[in-house]
Amino acid sequence: MVRVTDLVIRGALVLDGTGAPGRTADVAVTGGRITEIGAGLTARRVLDAAGLALAPGFIDMHAHSDLALLADPPHTAKVTQGVTCEVIGQDGLSYAPVDDATLPAVRRAIAGWNGDPPGFDWSWRTVGGYLDRLDEGIAVNACYLVPQGTVRMLAMGWADRPPTPAELDEQRELVATGMREGAVGMSSGLTYVPGMYADDAELTALCEVVASSGGFYAPHHRSYGAGALEAYAQMVEVSRRSGCPLHLAHATMNFGVNKGRAPDLLALLDRALADGADITLDTYPYLPGATTLAALLPSRAAEGGPAATLDRLRDPAARAGIRHGMEVEGSDGCHGVPVEWETIEIAGSPDPSVIGRTIADLAAASGRDPFDVYCERLIADDLSTTILQHVGHEENVRAIMRHPAHTGGSDGLLAVAKPHPRAWGTFPRYLGRYVRELGVLSLEECVAHLTGRAARRLNLADRGLVRPGFHADLVLFDPDAVRDTATFPEPRQAAEGIPHVLVNGTAVVADGHPTGALPGRSLRLRPDGRVR
C-alpha cells in the first residue's frame with residue numbers, strides 16, 4: 001500500500017543530526033511531523049531537493065530574541081539562517097519573573113540589548129505568562145532560562161552583598177517556580193549587575209534547585225579575559241557541588257592575555273568530563289564580541305542601579321575612581337583587562353553620528369580624553385549604548401568549535417543600530433567558512449553540533465534529528481553555496497544558499513523568501529523531565 005502524505009522532500013542529502021554520513025533519501029511530513037524516510041515516497045505536494053542537504057533546523061543555544069520574537073514577528077534574521085529553535089533568557093537578565101517595580105528596571109538595564117518598543121504590551125509577570133505570550137504566535141520555537149540576575153533584583157534589588165537567609169529562600173523559590181512553569185534551566189551574567197554580586201555559594205544554592213527540576217545552568221561567567229581559566233573552573237565547581245548540568249555560554253578565550261590558550265580551556269573541560277561532569281558549551285564563529293558600553297564599568301560603580309551609576313559618572317571624585325579601575329586595574333566589567341579604547345566601537349546609540357566609531361576615534365576627533373568621551377556617552381544615552389568589542393583570536397575560535405561538547409550560539413543583538421553580523425550570519429558561516437572553505441569540521445559533524453547535540457542538552461523529546469515521529473523542524477541548504485553575507489559594515493543581510501526552512505512542518509522560508517508564518521511556540525520542561 002502506498003502512503004500519501006502532506007509533503008515529500010525528494011532526493012535530498014539527509015544529514016540526520018547524529019553525525020552519521022549523509023544519505024540521499026525522501027523525507028515525508030504529515031501533520032507537522034516526519035512520518036517516513038525512504039525512497040519513492042509520494043505526497044500531495046513534492047519539494048524537489050536534488051542537490052540540497054536536509055538537516056534538522058538549527059538550534060541557537062544563546063539568543064537575545066526575548067522581545068524580537070514578539071515585536072518583529074517575521075524574525076527574518078533567524079529564519080533565513082535556518083534557525084528553528086532559540087534559547088532565550090540569557091546572561092542573567094530578562095523579563096520574567098518580575099513585579100511592577102522590577103520590570104521597568106529590567107527594561108532599562110537591557111534596552112541596549114533588546115530595545116524597548118513603544119506601545120509594547122508588558123502584561124505578563126511570570127515565566128509561565130511570558131511563555132503563554134510566545135504561544136500566541138512566533139516564527140520559531142523558543143526555550144527559556146530563568147535569569148538569575150533578574151531573580152536577584154526581584155528578591156534584593158541592586159545590593160552588592162550576600163543575601164540574607166530569607167532573601168536566598170525567596171530566590172530559590174522564584175527559580176523553582178520558573179522551572180515548574182516551563183523554563184529549561186537558569187542563566188547568569190556574572191559580569192553584569194546585579195547578578196555578578198552573587199558569590200559561588202549563592203549560585204550553588206540556586207543551581208541545586210535547577211538540578212532538582214531537571215534543568216541546566218548556563219552562565220556567562222566572571223571573566224573571558226584575565227582570569228578566564230579560573231572563571232571557567234569556578235563554574236565547573238559550582239556544577240559539581242550542586243549536581244547541576246553545565247552549559248558554558250559563548251565559551252571564548254578573548255583579549256591578548258588568552259592568545260593561543262584554547263587548549264588550556266579544553267584540557268580543563270576534558271578533565272572534568274572524564275570525572276563524570278555533564279558539560280556542554282556554545283560559541284559563535286567570529287572574533288569580536290558585543291555588549292553594552294555600561295557593562296565595562298567596575299561592578300562597584302553600578303551598585304544601586306542605573307540612577308546611582310549615572311550619579312557616580314557625574315561626580316568628579318567617583319569618576320576618578322572609575323577611571324583607575326578601568327584604565328589601570330582592569331575592571332571586573334571588562335574581564336579584568338585594562339580597557340583598550342580603540343577596540344570599543346559604538347553599535348547602538350540615539351545619536352547616529354557616533355555609530356560605527358570607536359571611543360578612541362571620537363576622542364581624537366574632538367581633542368578630548370577617551371575616558372571622558374566614554375562617560376559622557378553613557379550619560380547622554382542613559383546607559384543604553386551598545387558596542388562591538390574587537391578582541392579575539394582565530395586559533396582559539398577554531399580549536400573550541402572542534403570540541404565534542406560544542407554547540408552553536410549566535411549571541412546576536414537584533415535591535416541595535418549596527419548589530420554584530422553574528423545576529424544574521426552565525427549558522428551559514430559555520431557551514432560556509434568553517435566547513436566548506438576551511439575544513440575545520442566535516443559537514444555531518446558540523447550539523448550535529450548545531451542540531452542533535454544542542455537538542456540533547458535541552459533534553460528535547462522529539463526534535464533535533466531527522467527521524468520518523470520527530471517534529472518537522474527542518475532546513476534545506478546547498479552545501480556548495482551556503483554562506484553568510486552579513487558583514488561588520490553591512491550586518492543586516494540574509495544568508496545565501498538556504499532556500500527552505502520548516503518549523504513544525506510549516507514553511508517559514510520558501511524558495512529563499514520568509515513567508516511570515518508563525519508556527520513556533522514555547523518548548524517547556526515537563527514533569528517527566530523532557531522538553532516539549
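In which strand does Asp48 lie? In this predicted model, Asp48 belongs to strand β4, which comprises residues 42-48. The relative accessibility of Asp48 is 60%, and the residue therefore counts as exposed, the threshold for that class being over 50%. A polar atom of the Asp48 side chain lies 3.1 Å from the backbone nitrogen of Ala50. Along the chain, Asp48 and Leu293 are 245 residues apart, and their C-alpha atoms are separated by 48 Å.

Leaving out residues up to four places away in sequence, His500 touches Leu47, Leu474, Val475, Leu476, Val509, Ala510 and Asp511. With Asp511 there is also a polar approach: the side chain of His500 reaches the backbone nitrogen of Asp511 at 3.4 Å.

The nonpolar interior remains to be described. In soluble globular proteins, nonpolar side chains tend to be buried together. Here the largest nonpolar core contains 122 residues, and Tyr217 and Phe477 are those with the most contacts inside it. Neighbours within four places in sequence aside, Phe477 is in contact with Leu15, Leu52, Ala53, Ala55, Phe58, Leu431, Leu443, Val447, Val482, Gly497, Ile498 and Pro499. Another core, of 25 residues, lies apart from the largest one; among its members are Leu297, Leu313, Ile344 and Tyr374.

Definitions and conventions:
Residues numbered from 1 in each chain as written. Predicted model: local features only at pLDDT ≥ 70, side-chain atom pairs only at ≥ 80, totals over all residues. Heavy atoms only, no water. Core = buried A, V, L, I, M, F, W, Y, C linked by side-chain atoms within 4.5 Å. Buried < 20%, exposed > 50% of the residue type's maximum accessible area, 1.4 Å probe, protein only. Contact = heavy atoms within 4.5 Å. Helix = DSSP H or I, 4+ residues; strand = E, 2+ residues; numbered from the N terminus. Polar contact = N/O pair within 3.5 Å; in protein donor to acceptor, adjacent residues only side chain to side chain.
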